[in-house]
Amino acid sequence: MVTRGFTGRPRRTEGAVPPGQFVTSDFPVLTAGPTQHVPTRAWELVVTDGTTERTYAWASLRDLGVVDLTTDIHCVTHWSKLGTTWQGVPVAAVLEDAGVADEPYALVSSYGGYTTNVPVEDLVDRDAMVAVGYEGGPIPAEHGGPVRLLVPHLYLWKSAKWLRGIRVMPEDELGFWENAGYHHRGDPFLEQRYYGD
């Protein structure tokens with residue numbers, strides 16, 4: 001017999017808040033260095049495999065087709081922001097257009113020198129995008145504008161701000177936080193915060 005009104009623990013469903021996270025309506029600003037201010041007229045994205053290279057300017061990136069994405073984002077510092085809306089170009093479309101080799105790893109770089117490693121599978125098989133807008137407007141510089149990577153199913157440190165380059169490669173190369181002991185993948189639902197989690 002079960003006490004009337006007892007329903008047990010809530011079941012996790014797709015889009016639920018990961019364990020160890022709290023929901024915020026704010027969008028906290030956390031960076032590994034000073035905020036970069038890159039005007040759209042000067043912004044470029046270099047996509048390469050070490051042999052083939054393609055450079056995108058603001059207009060040529062947008063010409064690949066901008067889509068909307070509403071998704072939750074999760075920071076390794078335990079906050080989650082639900083229902084954020086972004087505009088951008090799917091990473092899969094960028095890699096295909098660039099004609100780079102089909103490699104398993106990517107090292108993503110930013111204006112300011114930040115880097116992060118991301119398995120290519122996480123960039124092309126999910127909702128990852130090269131984001132050019134946030135909530136219907138430009139992405140503020142403190143949140144990575146004018147262009148940032150968005151990999152919403154991983155912790156936000158994998159969504160490099162002030163995106164400058166994507167290099168695909170056959171071997172994994174650790175980025176800034178990964179070299180400091182953070183997890184190589186960073187899945188918030190598996191609480192992959194630090195190496196060994």
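**Salt bridges, one by one**

Mentor: Arg193 is buried, at a relative accessible area of 5%. Buried means under 20% relative accessible area, exposed means over 50%, and partly exposed lies in between (1.4 Å probe, protein chains only). Before we go on, two notes on the source. This is a predicted model, in which local features need pLDDT of at least 70 and side-chain atom pairs count only at pLDDT 80 or more, while totals for chains, interfaces and linings use all residues. Residues are numbered from 1 along each chain as its sequence is written, and side-chain values use heavy atoms, with hydrogens and water left out.

Back to Arg193. Its side chain meets that of Glu191 in a salt bridge, 3.3 Å from N to O. The term needs a side-chain nitrogen of Lys or Arg within 4 Å of a carboxyl oxygen of Asp or Glu. Glu191 is partly exposed, at 33%.

How many salt bridges does the structure hold? Six. One of them joins Asp122 and Arg185, at 2.8 Å from N to O. Asp122 sits in helix 3 (residues 120–124) and Arg185 in the segment after helix 4 (176–179), so the pair ties together parts 63 residues apart in sequence. Helices (H or I, at least four residues) and strands (E, at least two) are DSSP runs, numbered from the N terminus. Asp122 is buried, with 4% relative accessibility. Arg185 is partly exposed, at 25%. This pair also belongs to a network: salt bridges link Asp122, Arg185 and Asp187.

Next, Arg167 and Glu173. Their closest N and O atoms are 3.3 Å apart, in another salt bridge. Arg167 is partly exposed at 32%, and Glu173 is partly exposed at 35%.

Now the wider setting. UniProt, in an unreviewed entry, places the feature "domain: Oxidoreductase molybdopterin-binding" at residues 35–177. Its positions use the numbering used here, feature names are shortened, and annotations may be inferred rather than shown by experiment. Over residues 35–177 the chain is 14% helix and 40% strand. The end C-alpha atoms of that stretch are 17 Å apart.

For a look at strands, take strand 4 (residues 67–74) and strand 5 (residues 79–90). They run antiparallel, joined by seven bridges. Two strands pair if DSSP finds at least two bridges between them. Thr70 has Thr85 in strand 5 as its bridge partner. The two strands form a hairpin, with four residues between them. In the turn, His78 has a positive phi of about 90°.
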